[in-house]
Amino acid sequence: MNDKKKLGRGLEDISYLFLSSLEKDSPAENDLNKKIVLIICLGLLTWLAGIIVTPILAAAGLLKIAAFAYFFYKPVCHQIAERSFLFDGFTLAVCVRCFSFYLGGLFIISYYIFKSKISMWRVLS
């Protein structure tokens with residue numbers, strides 16, 4: 001078995017162990033885990049919304065707010081214009097690589113929520 005197949009199999013094993021360990025927790029611990037996952041998901045959604053809204057604000061003429069948003073995201077991304085998506089002549093707040101990283105994280109957490117059939121209303125209660 002080559003190294004690539006071993007790595008893929010190892011990742012499957014880790015994700016299976018993680019999900020099965022959450023299912024074996026007591027109901028109180030399981031609810032806490034679900035709430036933590038939901039909070040992380042909402043945080044990522046807010047983070048991504050800020051990334052997407054920044055060039056929209058700049059295009060709308062709200063340059064001071066957009067400049068603050070670009071400054072806010074600067075520590076986590078190089079923001080090179082050639083490596084970023086454009087919206088109406090303005091780049092996203094982060095490059096394509098960073099945006100894909102955050103979007104992938106949101107998809108993975110969303111998949112976990114739907115895979116384990118978590119009821120959002122039950123988690124919030």
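What is the accessible surface of the chain, and what share of it belongs to carbon and sulfur atoms? In this predicted model, the accessible surface comes to about 9000 Å², with 71% belonging to carbon and sulfur atoms (Shrake-Rupley method, 1.4 Å probe; for residues, only the protein chains shown count as cover). Local features need pLDDT of at least 70 and side-chain atom pairs count only at pLDDT 80 or more, while totals for chains, interfaces and linings use all residues. Residues are numbered from 1 along each chain as its sequence is written, and side-chain values use heavy atoms, leaving out hydrogens and water.

The chain holds five helices and two strands, arranged along the sequence as α-α-α-β-β-α-α (DSSP runs numbered from the N terminus: helices are H or I, at least four residues; strands are E, at least two). Of its 125 residues, 28% are buried (under 20% relative accessible area; exposed is over 50%, partly exposed in between; 1.4 Å probe, protein chains only). Among contacts (heavy atoms within 4.5 Å) with a separation of 6 or more, 55% link residues 24 or more positions apart.

Ile-36 lies in helix H2, residues 27-59, and is partly exposed at 40% relative accessible area. Together with Leu-32 and Ile-40, Ile-36 forms a nonpolar surface patch with about 260 Å² of accessible area (patch residues have over 30% relative accessible area and no salt bridge, and nonpolar side chains, namely Val, Leu, Ile, Met, Phe, Trp and Tyr, are joined within 5 Å, like charges within 9 Å; a salt bridge places a side-chain nitrogen of Lys or Arg within 4 Å of a carboxyl oxygen of Asp or Glu).

Thr-91, in strand S2 (residues 90-91), counts as buried at 16% relative accessibility. Leaving aside residues up to four places away in sequence, Thr-91 touches Pro-55, Tyr-70, Ala-81, Ser-84, Phe-85 and Leu-86.
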